[in-house]
Amino acid sequence: MTAGDRWQLQRLLLYSTILCSWPVLTSADAGLQRIADGVYVRPGRIAVVFEDDSIANLGLVIGSRCAAVIDTGGSVAEGRALYRAIGKLTDVPVCFVINTHVHPDHMLGNKAFQRDHVQFVGHRKLPRAVALRAGTYLQRAAEYSGGVADESQIVLPERTVSGEVQLDLGQRILILRAHATAHTDNDLSIVDPQTGTLFTGDLVFLEHLPVLDGSINGWLGELDQLMGETFERVVPGHGPVLAAWPQAGEPAVRYLTELRESTRTWIARGGDLGEAQERIEVSRPEHWQLIEQYHKRNVAAAFAELEWED
Amino acid sequence: MSMQTRRRAGVGSFCLALILLAALTSGAQATTVEEDMAWTGGLRSAYFADREIKSDELITLEAPQRAENAAIVPISIKAGIPQTEDRYIRTIWLFVDKNPGPLVGKFHFTPASGRADLGLRLRVDTYSPVRAIAETNDGELHMSRSFVKASGGCSAPASSDSDAAREQLGKMKFLVRNESGEDKASEVEQPRLAQLMIRHPNRSGLQMDQVTRHYAPAEFVKQVKVSFEGEEIFEAETSFAVSENPSFRFYFVPQREGELVAEVVDTEGRQFSETYEVSPLTGEVAAKQ
């Protein structure tokens, strides 16, 4: 095969891939669904990060004076679509953009909201995480889209949260809580007490296999605490948006608990990381999608943490 | 089936066929010759001049075909010969051809190692061959090669819980086991697996802070020496391609009770050391208080 043939074939592969993903890409829009009074969600699709830019559940809470956006999606285009959808829904201006954590599917849309009156809010450790990771994320996104990484798209939080912070939206208060290292080291959850709605960010996954990028012990600890509290409904970072609580936390707790136990057993037997990745299985695979993409990675993260336990 | 669904299904299977065709025909393009360009084009001669390198069973490199996490790629090397005074593997070079610094490290063994097996975790920056070259005491070179699909390992950020690694920098942990995982007095003279773990960020110097536009300076473990009762059993000279919290698995032969000593030096000149009591009769290891 000559280089020319190869190029032709690669082009064919590219075009056929685009053509074939087209019906999928247009099957969902930036439509916001009302889940409670003044509370909306743009549901994400269960898909692999970068391969699709609309995978995270995005939220909107509207007060009398201000609206708050919770996560902005996986690209500036995605952020713009959300911005337009909000404009069609309400005249109340967006005053706050809250990022639940550093992952690209939750914050690469920030740029679309960068305007004078908008304040970006995140966990105390979010600025460092963004500074270290955003460049890599943009490059990866560019590799997938065939574009060029544009670092002006990186938007850092201006206001950071330690412990708890309240945001006043006008006749409505949001409570933001900074968590200990769990899914990442910069997880923030948001409660709208008026409707009893909890936005968990990626502390809760449903259907999409949980992805461990922080601490498995910390994550189980934070979930344990959250599941002792009462909410009318929760919006997980990924999965069905009208989940009941605390039931919605249970699949993630089961997966992480079983991952922790089997990894500890493996370490105690003196097994190495490579074998552990091959051998540790997901105990209830029927509950999850994207096992292939994330489970081995989770084993590595859990192993690297748990092997230091005494 | 509605008209529209039927049309979509038709388009779908056409597309699937197209993708399969394109994937099948272009799949064979990545030949070993192309993959090995960095090696044949300079690396090989830079390190080994025109010395003969055999590709045989003297060592076997095991690496995952696809790295699930490019910053922690588990690699293991298995020796095809035991370490005897007459014939043993003296040094293993480990390369990731396409990393910014291809040489991961040089690992030295002695007859007291018992077996020149090695396990560690690497950063792999892009799709690249990984190769281990063993030099025996009589100066022969033997190579084993594998290909790893990974990307972004060297510039990948530190783990999310980097505060934990930083706070405990220099902390070490030793694990020693019989190969079978069970303790048997009769196996006293058999090589036993040891794992040395070191808390260290092992920063590559390739992670840019997007706010300050500065690269965090490289800071990594550069030398590890392990001895048993004063006799050297394992030495590593390493680069930043070793993952955060470096972990090394190697063998030694504890013919008697004794002290296993690890001495570690990093690029900042910091020195860490740990001493462990090995009791071969029970197979138990206790940290000296």
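Ala49(B) sits in the loop between α3 (37-48) and β1 (53-55) of chain B. Helices (H or I, at least four residues) and strands (E, at least two) are DSSP runs, numbered from the N terminus. Ala49(B) is not a glycine, yet its phi is positive, about 45 degrees. Ala49(B) counts as exposed because 7 other C-beta atoms lie within 10 Å. The cut-offs are these: a residue is buried with 20 or more other C-beta atoms within 10 Å of its own, exposed with 12 or fewer, and partly exposed in between, with C-beta atoms placed from the backbone.

This is a predicted model, in which local features need pLDDT of at least 70, side-chain atom pairs count only at pLDDT 80 or more, and totals for chains, interfaces and linings use all residues. Residues are numbered from 1 along each chain as its sequence is written, and chains are lettered from A and ligands numbered from 1 in the order in which they are written.

Stay with chain B. Chain B holds four helices and 16 strands. Of its 289 residues, 38% are buried. Contacts (C-beta atoms, placed from the backbone, within 7 Å) are defined by distance. Among the contacts in chain B with a separation of 6 or more, 69% link residues 24 or more positions apart.

Strand β4 (residues 89-96) of chain B has two partners to look at. Strands pair if DSSP finds at least two bridges between them. With strand β7 (residues 128-136) of chain B, β4(B) pairs antiparallel over seven bridges. There, Thr91(B) has Glu135(B) as its bridge partner. Strand β5 (residues 103-109) of chain B also runs antiparallel to β4(B), joined by five bridges. Leu94(B) faces Gly105(B) in that pairing. A hairpin of six residues connects β4(B) to β5(B).

Now chain A. Its strands β8-β9-β10-β11-β12, in that order, form an open sheet with mixed pairing. At the edges are β8 (164-168) and β12 (233-238) of chain A, each pairing on one side only. From one strand to the next, the twist averages 25 degrees. Within the sheet, β10 (residues 188-192) and β11 (residues 197-205) of chain A run antiparallel, with three bridges. Asp192(A) stands opposite Thr197(A).

The peptide bond between Trp245(A) and Pro246(A) is cis, with omega about 5 degrees.

Next come the helices. The axes of α5(A) and α6(A) come within 10 Å and cross at roughly 145 degrees. Axes are lines fitted to C-alpha atoms, for helices over the stretch in contact, and angles run from 0 to 180 degrees between N-to-C directions. On the α5(A) side, Ile216(A), Trp219(A), Leu220(A) and Leu223(A) make the contact; their partners in α6(A) include Val253(A), Leu256(A) and Leu259(A). By class, the contact has eight nonpolar, one polar and one charged residues. The classes are Ala, Val, Leu, Ile, Met, Phe, Trp, Tyr, Cys and Pro as nonpolar, Asp, Glu, Lys and Arg as charged, and the others, Gly among them, as polar.

Helix α8 (residues 291-306) of chain A has 16 residues. At 1.5 Å a residue they should span 22 Å, and the end C-alpha atoms are 21 Å apart, which agrees. The expected span is 1.5 Å times one less than the number of residues. Its buried residues include Tyr294(A), Val299(A) and Phe303(A). Among the elements covering them are α5 (216-227), α6 (250-268) and α7 (273-279) of chain A.

Definitions and conventions
Contact = placed C-beta atoms within 7 Å.
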